[in-house]
Amino acid sequence: MSESYRDINRLHWEERAPAHAASTDYGVERFVSDPAHLSSVVRFDLPRLGDVAGLRGLHLQCHIGTDTVSMARLGARMTGLDFSPSALAEARTLAARTGADVDFVEADAYDAVEVLGPGTFDLVFTGVGALCWLPDIRRWATTVAGLLRPGGRLFLREGHPLMWALDETHTADLVVGYPYFEQPDPLVSDEEGTYVETDVEFTANRTHSWNHGLGETVSALLDTGMVLTALQEHDSVPWEALPGQMVHDDEDDEWRLVTGRERLPLTYTLQAVKGS
Ligand SMILES: C[S@@+](CC[C@H](N)C(=O)[O-])C[C@H]1O[C@@H](n2cnc3c(N)ncnc32)[C@H](O)[C@@H]1O
């Protein structure tokens with residue numbers, strides 16, 4: 001497969017990272033003013049995370065580092081990896097301003113084992129709009145398994161593939177408009193905005209993305225020899241994924257369907273362990 005999707009997507013993230021760091025949605029200033037503050041993404045999964053203190057953790061596709069710093073605040077010794085230099089610059093600034101001891105590494109997700117070494121981590125943490133930028137879920141699963149030490153754990157929260165398959169331009173109905181299963185060709189999109197409130201006008205709007213069915217993701221992990229230990233589907237998502245049909249819940253900072261929540265999973269949390 002042509003690797004040009006990387007350059008196209010990197011430009012998109014390069015432009016958006018500073019706007020995300022400046023937005024109230026990511027709440028960077030709250031990390032600085034409150035040393036106990038955690039991102040709402042990490043807070044959502046606290047009941048499932050368990051004790052991560054002392055674990056050597058890697059945040060794959062860490063973006064501007066808000067979740068990475070949150071994991072460090074829970075006691076994990078974190079490394080963040082992303083392919084966007086401007087996202088990493090924001091992440092390093094956040095770590096410096098909050099006194100968090102986190103390493104940030106620039107690399108493509110598929111190159112993580114080569115760059116960071118095999119069997120290095122107790123915990124790989126990732127998700128919430130990460131897997132859709134990778135064309136091949138099996139290559140991702142092999143990468144995760146390669147990064148973990150025997151007995152190490154993957155913690156993934158991600159948009160549900162059924163949610164990604166819905167056409168978000170339909171603001172009154174749930175309409176399946178995009179593939180559910182992984183396809184060889186990307187979904188090419190030219191959206192002008194981003195998922196946070198911002199006045200910034202972007203020019204690098206093209207993206208290439210892929211959906212990965214839930215069975216494809218689970219099977220890809222099982223085929224590496226990893227053992228699935230938890231899989232929960234949620235009726236909420238951390239961004240307004242279906243505009244016009246969702247309401248924000250201030251309690252957990254998640255978005256849910258206004259009506260008929262029982263119809264559709266919006267995100268899932270998956271955990272898997274590498275065999276000893
Ligand atoms: C939506 S953000 C990650 C979400 C994260 N949960 C957050 O909100 O902070 C997606 C990130 O994936 C990164 N990314 C996309 N494709 C990548 C790749 N092939 N290798 C490494 N990072 C990649 C982007 O640079 C971006 O920072």
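In this predicted model, the side chains of D122 and R149 meet in a salt bridge, with N and O 2.5 Å apart. D122 belongs to strand β4 (residues 121-127) and R149 to strand β5 (residues 148-159), so the pair ties together parts that are 27 residues apart in sequence. D122 is buried, at a relative accessible area of 17%, whereas R149 is partly exposed at 32%.

The closest N and O atoms of R157 and E254 are 2.8 Å apart. Both R157 and E254 are buried. Salt bridges with shared partners also join D235, D249, D252 and R256 into one network.

R16 and E15 form another salt bridge. R16 is buried, with 1% relative accessibility, while E15 is partly exposed at 23%.

| Pair | N to O distance |
|---|---|
| D122 and R149 | 2.5 Å |
| R157 and E254 | 2.8 Å |
| R16 and E15 | 3.5 Å |

Other charged residues form a negative surface patch: D25, E192, E197, D199, E201 and E240. Of these, D25 sits in the loop between α1 (4-22) and α2 (28-33) and is partly exposed, with a relative accessible area of 40%.

Another loop, between β2 (77-82) and α6 (85-98), contains S84. S84 counts as buried because its relative accessibility is 0%. Beyond its neighbours within four places in sequence, S84 is in contact with R10, W13 and E14.

Notes: Residues are numbered from 1 along each chain as its sequence is written. This is a predicted model: local features need pLDDT of at least 70, side-chain atom pairs count only at pLDDT 80 or more; totals for chains, interfaces and linings use all residues. Side-chain values use heavy atoms; hydrogens and water are left out. Helices (H or I, at least four residues) and strands (E, at least two) are DSSP runs, numbered from the N terminus. Buried means under 20% relative accessible area, exposed over 50%, partly exposed in between (1.4 Å probe, protein chains only). Contact means heavy atoms within 4.5 Å. Patches are made of residues with over 30% relative accessible area and no salt bridge: like charges are joined within 9 Å, nonpolar side chains (Val, Leu, Ile, Met, Phe, Trp, Tyr) within 5 Å. Accessible areas come from the Shrake-Rupley method with a 1.4 Å probe; for residues, only the protein chains shown count as cover. A salt bridge is a side-chain nitrogen of Lys or Arg within 4 Å of a carboxyl oxygen of Asp or Glu. Lys and Arg count as positive and Asp and Glu as negative; His and the chain ends are not counted. The place of a charge is taken as NZ of Lys, CZ of Arg, CG of Asp or CD of Glu.
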